[in-house]
Amino acid sequence: MKKLLIYLRDYKKESVLGPLFKLLEASFELIVPLVVAAMIDTGIGSGDKGYIWRMCLIMAALGLIGLVCAVTAQYFAAKAAVGFATKLRHGLFAHIQSLSFSQMDKEGTSTLITRMTSDINQVQSGVNLVLRLFLRSPFIVFGAMLMAFTVDVKAALIFVVVIPALSVIVFGIMLISIPLFKKVQEKLDGVMGITRENLTGVRVIRAFGEEEHEILKFDSETDALKHMQTFAGKISALMNPLTYVVINAGLVALIYVGALRVEAGILSQGQVVALVNYMSQILVELVKLANLIITVTKAVACGNRIQTILEIPAGMAGADLGMQGGDKPSESRGTVEFDHVSLRYYKGGEEALTDIHFKAKRGDTIGVIGGTGSGKSSLVNLIPRFYDVEKGCVKVDGKDVREYPLSELRDKIGIVMQKAVLFQGTIRDNLLWGNENAGDEELWQALRTAQAEEFVLQKKDRLDERIEQEGRNLSGGQKQRLSIARALVKKPEILILDDSASALDYATDAALRKSIKEMPGETTVFIVSQRASSLLHADLIIVLDDGEVAGMGTHGELLENCEVYQEIYYSQFERGGEEAAQKAAQR
């Protein structure tokens, strides 16, 4: 939690002025009981109405000044807390962007969302209350005790007993509560995970009629969260009744001692009222302090959870700019080499890829095919360094990808993910992700190559047509074609299509591949596909089986000597239909 305080450094003035004005308000509040005592002993005792009115005006002035100080303190505290939370959220988001896919897999999406939302909100509330009350409440408590000693030493000894007893209660409950609230936040992660899973897969759930099962599963998680919150709340709820018991016992003792000392002529009635007022002030402030402790306890638990994310080293840190080896010869541009590469996912058990070795020359088309879970996406994800290899190395333009600054490496690569993802905005906004300086002609050219021009022209606003979040107002094929166009706008040296034409019909798929092949320049293309027809024209086809290379070569070579490829191919085409399939692929 301490490391998060660096985000308050731009709010040093507010962090000082907030508590300072609160202490000023508290100082005026401590004077009020003395004014009341003087009013009772001098004004009421002697029947001096003028004196009583003067004291009333003084009390009103103290109250007004205190109000101004309180409002000012609240302004500075709120400004510092909101600014702190904003900077922390920006810092956390930026740090999450630097994490590798493996680290994100380890932490979990729902956990990261909870850290960004609920946890930061709790920390913001904690900072706000600390700036307002953390100094004010102890100041009032100990200030009231000291002021009581100025009234009467013997009666003030009651304060010396009461305050330590209250401190034991408050801090004891706090020490028990912190780990409990940490567990509450962990349970909240679980609820967030199930909620996200259900919202993402709502169509699948309804298609299989699993609504009741998912409701029971969600109820189970929320019940566990409720029980944990209830238990933590019960512990925290002990704070108020215990403090009230101690304070009221102190008040009883104070009134009893005060009555005896008034009868003995040692104290006046006004002084006893002042002592009772000071005890009441302690009661109010300790109630506030108890609530503050509960909020701070939650904030500390949440802050520690945020800190654990910030302490994760950036998994995708690129090489130093000073380590760049300069421009590579033109003949090595666009080349990709896998040098005996192996990959293992976090907690993945066995290797996802084992001893992959091949080289793609500039302008080559590389096909990757295999059964479900064979490692096709894993292979192409190593090229832009979404994951780091466990053994061997991946080279782009003859240089290990780990030696590149990430921005430089990924500027060379255009990738279309297995799941087409579009963002809220216009078609133009989404295409400009590929190249923010691209003109309209370049955008239309990319759309033509991606076979998306026709349906975009049918839209009322064409390039300025609005797209909903995740492209909900487009079909699967339209989303895939726009995703491909976005990658083409970038004019990359290396283009990776990770099963990105699965929603397209065979004719559109063939036209797409033909357009990509005819693109100006020599782009190295990786095509991951389940369809053998999509790879017939490839210069090299890599056949994967359970993370290992089962075969490598052209379509004709693999059809002769690779059993896995034969099985895939003949499951899609009749034996003897090779010529027809090739013609269909070329159309």
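**Close-up views of a predicted model**

**View 1. Helix H1 meets helix H5.** The axes of H1 (residues 12-46) and H5 (residues 136-151) come within 10 Å and cross at roughly 30 degrees. H1 is therefore roughly parallel to H5 (angles under 35 degrees). The crossing is right-handed (near helix turned clockwise from the far one by less than a right angle). Axes are lines fitted to C-alpha atoms, for helices over the stretch in contact; angles run from 0 to 180 degrees between N-to-C directions. Helices (H or I, at least four residues) and strands (E, at least two) are DSSP runs, numbered from the N terminus.

The model is predicted: local features need pLDDT of at least 70, side-chain atom pairs count only at pLDDT 80 or more, and totals for chains, interfaces and linings use all residues. Residues are numbered from 1 along each chain as its sequence is written, and side-chain values use heavy atoms, with hydrogens and water left out.

**View 2. The open sheet.** Six strands run in the order E6-E9-E10-E3-E11-E12, with mixed pairing (at least two DSSP bridges between two strands). E6 (413-416) and E12 (548-553) are the edges; each has a single partner strand, so one side of each lacks a neighbour in the sheet. Twist averages 15 degrees from one strand to the next.

**View 3. E3 beside E10.** E3 (residues 365-370) and E10 (residues 524-528) pair in the parallel sense over four bridges. Val368 has Val528 of E10 as its bridge partner.

**View 4. Helices on the sheet.** H16 (residues 476-489) touches E6 and E9 (494-498); contact means heavy atoms within 4.5 Å. The direction of H16 makes about 175 degrees with that of E6. H19 (residues 563-572) touches E3, E11 (540-545) and E12, and its direction makes about 95 degrees with that of E11.

Conventions:
Parallel < 35°, antiparallel > 145°, perpendicular 65-115°, else oblique.
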